[in-house]
Amino acid sequence: MEEKKLGLKSVVSVSVGLVIATSCLVSLGQGAGTIGVVFIFAMIIACLLNMTTIGSLAELNALMPNTTGGLAQYTLACLGPFPTMISMVGGYLFCNVLSCGVEASIFAYAMGEIFHLPIPNFSYTVIVTVILLIANLKGVDMFAKIQDIVAYLMVGSMVIMGIIGMLSMGTGEKVSQPMTLTTDWKVVVSMTAVAFWLFIGAEYVIPISKDVKNAKRNVPLGMFIGLALICVVQSILVLGFHNYTDWGELADSAAPHLLYGANLLGYPGKLWMALVAALALISSQNSGVNGLASICQGMAKMNMMPRCFAKTNKNNVPFVGVWFVSILILVFALISNYSSDAISFFILVGSVFWMVSYIFAHIDVLILRRRLPKAPRSFKVPLGPLFPLIGIAGTVFMILNISTDAAERHAIWLLTGTVFLALGIYSFFWIKFKMNMPVFKSVPVEKVMAMENSLYYTIRKRRGIWR
């Protein structure tokens with residue numbers, strides 16, 4: 001048997017890799033610029049809420065290990081195919097590809113600001129996407145090598161830049177401004193919706209848990225460590241912002257990391273933060289392509305996506321998904337068009353889709369605890385239903401407060417509602433006529449687990465169950 005290649009260090013790097021991204025730096029700047037250093041408290045609340053989701057997903061993975069589709073298979077076993085397709089295609093595939101495209105757009109903008117070359121900014125996005133496409137087609141070993149190096153270089157750079165600012169050691173001029181812009185606790189709590197984006201994505205370890213050594217321990221532990229590490233690093237950056245970047249300029253900037261770097265260390269600082277932006281894009285897109293391709297593979301095994309997504313190359317990589325995700329990232333990067341307003345709006349839209357999928361994760365835990373109370377679990381969230389219920393309530397609160405601007409909030413709800421409606425119509429006909437299954441009937445856990453075997457699909461197709 002081939003030895004599994006990913007240890008705890010790689011699990012942490014994958015968790016950190018997708019979570020810390022250039023769009024996170026934008027959200028971090030907007031949040032801190034709006035309410036000041038107290039944004040750290042909103043970050044802590046958002047981090048703790050996301051830890052409840054990580055706990056629920058870790059428990060689901062402990063009950064149904066080595067499932068390539070992750071949340072898709074958990075939800076299929078609990079709620080049936082219709083909610084599964086809605087939550088996964090909308091809550092995961094759509095919003096993740098969209099967010100990766102936004103990341104690429106921010107990166108291209110940053111590169112254009114630094115290197116005034118006679119080429120379109122979009123060229124930078126194409127170059128990085130092609131390199132990561134090739135790397136992911138090489139398999140999990142190449143993926144892990146890139147992820148470890150990039151994630152730790154990125155985190156290290158952010159920590160150093162944050163400490164320099166926090167300790168007032170920069171070469172730039174210090175800014176005299178208040179630590180906080182509000183003392184209203186309700187305003188701070190409402191900013192958790194903005195802070196939420198800073199911590200999503202750690203669960204991308206789960207689809208590759210089959211490649212993790214001692215997955216029972218390293219998968220949940222790595223995700224928790226990753227979120228805690230991110231909270232500390234970004235808190236240090238906020239303290240650095242206070243000393244060197246005007247809150248108002250920070251909130252309005254399309255690239256707050258470049259603004260901070262320039263104010264802190266001049267052009268070298270701007271160049272350094274551009275490097276951080278490049279590392280963030282490589283890290284998040286590398287994790288995104290790998291994780292989304294695995295999710296597509298898992299859904300294809302359940303006949304929820306075209307069968308071609310389940311095919312693998314000689315390196316055991318679901319290559320169709322890798323190509324599919326990479327191309328869509330380029331499309332969304334082109335659509336965002338380096339507009340700060342469009343980037344901010346798409347980030348919040350993506351947040352709502354992701355929040356919906358997190359709510360389903362908590363619901364899945366509660367249902368499976370009731371149906372299979374004595375089933376063995378190597379990890380279980382403590383205190384019964386308390387943390388899943390807290391996670392659901394907190395996530396609903398963030399959806400209702402996704403933006404402080406009422407018009408923008410309604411536009412976000414309208415767009416997400418329209419997308420979910422379209423997905424609902426598509427899902428109904430796909431399940432009814434392609435999968436030939438009841439739309440809302442859950443599938444027994446043992447059958448969902450059996451779907452990992454290619455023979456399951458072959459047998460059902462021969463019987464005429466799946467067309």
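Let me start with Cys-47, which is buried, at a relative accessible area of 4%, where buried means under 20% relative accessible area, exposed means over 50%, and partly exposed covers what lies in between, computed with a 1.4 Å probe on protein chains only. Before I go on, please keep in mind that this is a predicted model, in which local features need pLDDT of at least 70 and side-chain atom pairs count only at pLDDT 80 or more, while totals for chains, interfaces and linings use all residues. Residues are numbered from 1 along each chain as its sequence is written, and side-chain values use heavy atoms, with hydrogens and water left out.

Now, how many disulfides does a search of the whole structure find? The search returns zero disulfides, a disulfide being taken as a pair of cysteine sulfur atoms within 2.5 Å. Cys-47 is accordingly in no disulfide, and the nearest cysteine sulfur, which belongs to Cys-231, is 4.5 Å away. Cys-296 is likewise in no disulfide, with the nearest cysteine sulfur, that of Cys-308, at 9.5 Å, and Cys-296 is buried, at a relative accessible area of 0%.

The axes of helix α3, residues 39-63, and helix α10, residues 215-244, come within 9 Å and cross at roughly 170°; helices here are DSSP runs of H or I with at least four residues, strands are runs of E with at least two, and both are numbered from the N terminus. The axes are lines fitted to C-alpha atoms, for helices over the stretch in contact, and the angles run from 0 to 180 degrees between N-to-C directions. That crossing makes α3 roughly antiparallel to α10, since angles over 145 degrees count as roughly antiparallel, under 35 as roughly parallel, 65 to 115 as roughly perpendicular, and the rest as oblique. On the α3 side the contact includes Ile-40, Met-43, Cys-47, Met-51 and Ala-58, and on the α10 side it includes Val-219, Met-223, Leu-227, Cys-231 and Val-238, with contact meaning heavy atoms within 4.5 Å. By class, this contact has 16 nonpolar, five polar and no charged residues, where Ala, Val, Leu, Ile, Met, Phe, Trp, Tyr, Cys and Pro count as nonpolar, Asp, Glu, Lys and Arg as charged, and the others, Gly among them, as polar.

Taking α10 by itself, the helix has 30 residues and reaches 43 Å from its first C-alpha to its last, close to the 44 Å expected at 1.5 Å a residue, the expected span being 1.5 Å times one less than the number of residues. Of those 30 residues, 21 are buried, and α10 is thus mostly covered. Helix α13, residues 267-301, has 35 residues and reaches 51 Å, close to the 51 Å expected, and because 28 of its 35 residues are buried, α13 is largely enclosed by the rest of the structure.

Asn-316, in the loop between α13 and α14 (319-336), has a positive phi of about 65° although it is not a glycine, and Asn-316 is exposed, at a relative accessible area of 56%. Ser-168, in the loop between α7 (140-166) and α8 (185-190), has a positive phi of about 55° and is not a glycine either, and its relative accessible area of 31% makes it partly exposed. As background, most residues other than glycine have a negative phi.

Let me turn to a few individual positions in the helices. Ala-193 lies in helix α9, residues 192-196, and is buried at 1% relative accessible area. Not counting residues up to four places away in sequence, Ala-193 touches Met-355, Met-398, Asn-401 and Ile-402. Met-355 comes up again with Thr-395, a residue of helix α16, residues 386-400, which, leaving aside neighbours within four places in sequence, is in contact with Met-355 and Ile-359. Thr-395 is buried, at 3%. Leu-415, in helix α17, residues 406-435, counts as partly exposed at 32% relative accessibility, and its C-alpha is separated by 7.7 Å from that of Val-349, 66 residues apart along the chain.

For the chain overall, the secondary structure comes to 19 helices and zero strands, and 60% of the 467 residues count as buried.
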